[in-house]
Amino acid sequence: MMNGTDYAGQDVTGWIVQEKFDGHRAFWTGEKLIARSGATINAPAWFTAGLPPIPLDCELYAGRGGFRKVQSVVKSRNGDWSALRLVCFDAPAVAGGYAVRHAAIPANMAAPYWALGASTVDALAAELSALKANGGEGFMLRNPDAHYKPGRTTDLLKLK
């Protein structure tokens, strides 16, 4: 999976911004869900029914402040999966920059994003404060031209 490094004041004008979801990282192989460790996530068949046959980089999410709920469900054999949703933010097997890869994700699962303009880079700190005040964790900043690269990369930055 692609993992970001910490934002340290880099020029991110024109980069993509998404909320950083506080859940359980998951990767849909096209056939099954796996964790960052490579272990299979035993989601019920109804939960994965209808997912596309392409790899997706995702987060199992139960809403802001729901991290413990997600962990409880994932670790339990009989957890309430109806409380979770699979939010997808990348389609690694699709060639091209981020917008092209994101367009391959089914709309009902795709994590929303926006591009930073020069005038909004300074406003990002204010947006981060507002997000945190509403229970959010932070933002992920993506180089829109970068191809998907598993492992740590400076093309994906965490701003918390």
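A word on conventions. Residues are numbered from 1 along each chain as its sequence is written, and side-chain values use heavy atoms, with hydrogens and water left out. Because the model is predicted, local features need pLDDT of at least 70 and side-chain atom pairs count only at pLDDT 80 or more, while totals for chains, interfaces and linings use all residues.

I start with the sheets. Helices (H or I, at least four residues) and strands (E, at least two) are DSSP runs, numbered from the N terminus. Two strands pair if DSSP finds at least two bridges between them.

Five strands make an open sheet with mixed pairing, in the order β1-β9-β8-β2-β7. Its edge strands are β1 and β7, each of which pairs on one side only. Inside this sheet, β2 and β8 are antiparallel and share four bridges. One of the residues to look at is V17, whose bridge partner in β8 is L141.

The other open sheet has four strands, ordered β4-β3-β5-β6, with antiparallel pairing. Here the edge strands are β4 (33–34) and β6 (85–90), pairing on one side only. β3 pairs with β5, residues 56–61, over five bridges in the antiparallel sense. In that region A26 stands opposite C58 of β5.

Next, the aromatic residues. Rings of Phe, Tyr and Trp (its six-membered ring) pair if their centres lie within 6.5 Å; planes under 30 degrees apart count as stacked, over 60 as edge-to-face and the rest as tilted. The structure holds five such pairs. In one of them, W46 and F47 have ring centres 5.8 Å apart and planes at 75 degrees, so the pair is edge-to-face. For accessibility, buried means under 20% relative accessible area, exposed over 50%, and partly exposed in between (1.4 Å probe, protein chains only). W46 is exposed at 53%, whereas F47 is buried at 12%.

W114 and F139 also make an edge-to-face pair, with centres 5.7 Å apart and planes at 90 degrees. This pair links distant parts of the chain, with W114 in β7 (residues 114–115) and F139 in β8, 25 residues apart. W114 is partly exposed at 34%, and F139 is buried at 4%. There is also one aromatic cluster formed by W46, F47 and W81.

Now two single residues. R101 lies in helix α3, residues 98–103, and is buried at 2% relative accessibility. Its side chain is joined to that of D90 by a polar contact of 2.7 Å. A polar contact is a pair of N or O atoms within 3.5 Å; within protein, one must be able to donate a hydrogen and the other to accept it, and residues adjacent in sequence count only if both atoms are side-chain atoms.

G135 sits in the loop between α5 (124–133) and β8 and is partly exposed, at 43%. The C-alpha atoms of G135 and R64 are 5.6 Å apart, although the two residues are 71 apart along the chain.

Last, the pocket. A pocket is an open set of points on a 1 Å grid over the protein atoms alone, where a 1.4 Å probe fits, with protein on both sides within 12 Å along at least five of seven lines; lining residues have an atom within 4 Å of a point. Points are joined across faces, edges and corners, and the volume is the space filled by probe spheres set on them. The largest pocket has a volume of about 380 Å³. Of its 22 lining residues, the closest to the centre are K20, R25, R36, E59 and M140.
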